[in-house]
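Here is a short briefing on helix packing and pocket lining. Look at the model first, then read the notes.

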Amino acid sequence: LTFALCGVLERMQTQDLVRKGPLVDYAKLSLFTLGGMLFTNWSLAHISYTTRIVFKSSKVIPVMIVGMIMQGRRYSKLEYVSVLMLVAGIVLFTL
């Protein structure tokens with residue numbers, strides 16, 4: 001509901017009120033997103049809270065790897081250092 005409200009407000013502000021894709025595509029995307037969230041929460045329910053937090057916060061690492069392999073993205077050294085510091089800080093905090 002929050003995403004929908006933010007989307008409507010953004011479209012009103014930018015005067016972009018015409019939908020670009022068919023409504024069926026938006027419905028499919030919504031169902032896939034909902035399913036992904038449900039399966040993620042379901043799978044994480046079987047591990048401890050601390051492990052869950054570490055895995056969720058480390059999600060940026062596989063996202064960067066997939067971005068490099070599949071999309072050919074390049075990241076700066078600062079971005080790599082930022083990610084490592086983020087993950088290390090969360091790991092140290094949750095220990």
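Predicted model: local features only at pLDDT ≥ 70, side-chain atom pairs only at ≥ 80, totals over all residues.

Residues are numbered from 1 along each chain as its sequence is written, and side-chain values use heavy atoms, without hydrogens and water.

**Helix pair**
- Helix α4 spans residues 60-71 and helix α5 residues 77-94; they pack at about 155°, axes 10 Å apart.
- Helices here are DSSP runs (H or I, at least four residues), numbered from the N terminus.
- Axes are lines fitted to C-alpha atoms over the stretch in contact, and angles run from 0 to 180 degrees between N-to-C directions.
- The pair is therefore roughly antiparallel (over 145 degrees).
- V60, I61, M64 and M68 of α4 meet E79, Y80, V83, L86 and V87 of α5 (heavy atoms within 4.5 Å).

**Helix α1**
- Just after α1, Q15 takes a positive phi of about 60°.

**Largest pocket**
- The largest pocket holds about 530 Å³ of space.
- A pocket is an open set of points on a 1 Å grid over the protein atoms alone, where a 1.4 Å probe fits, with protein on both sides within 12 Å along at least five of seven lines; lining residues have an atom within 4 Å of a point.
- The volume is the space filled by probe spheres set on the points, which are joined across faces, edges and corners.
- α2 gives the largest share of the lining, seven residues.

Note on methods: Helix = DSSP H or I, 4+ residues; strand = E, 2+ residues; numbered from the N terminus. Parallel < 35°, antiparallel > 145°, perpendicular 65-115°, else oblique.
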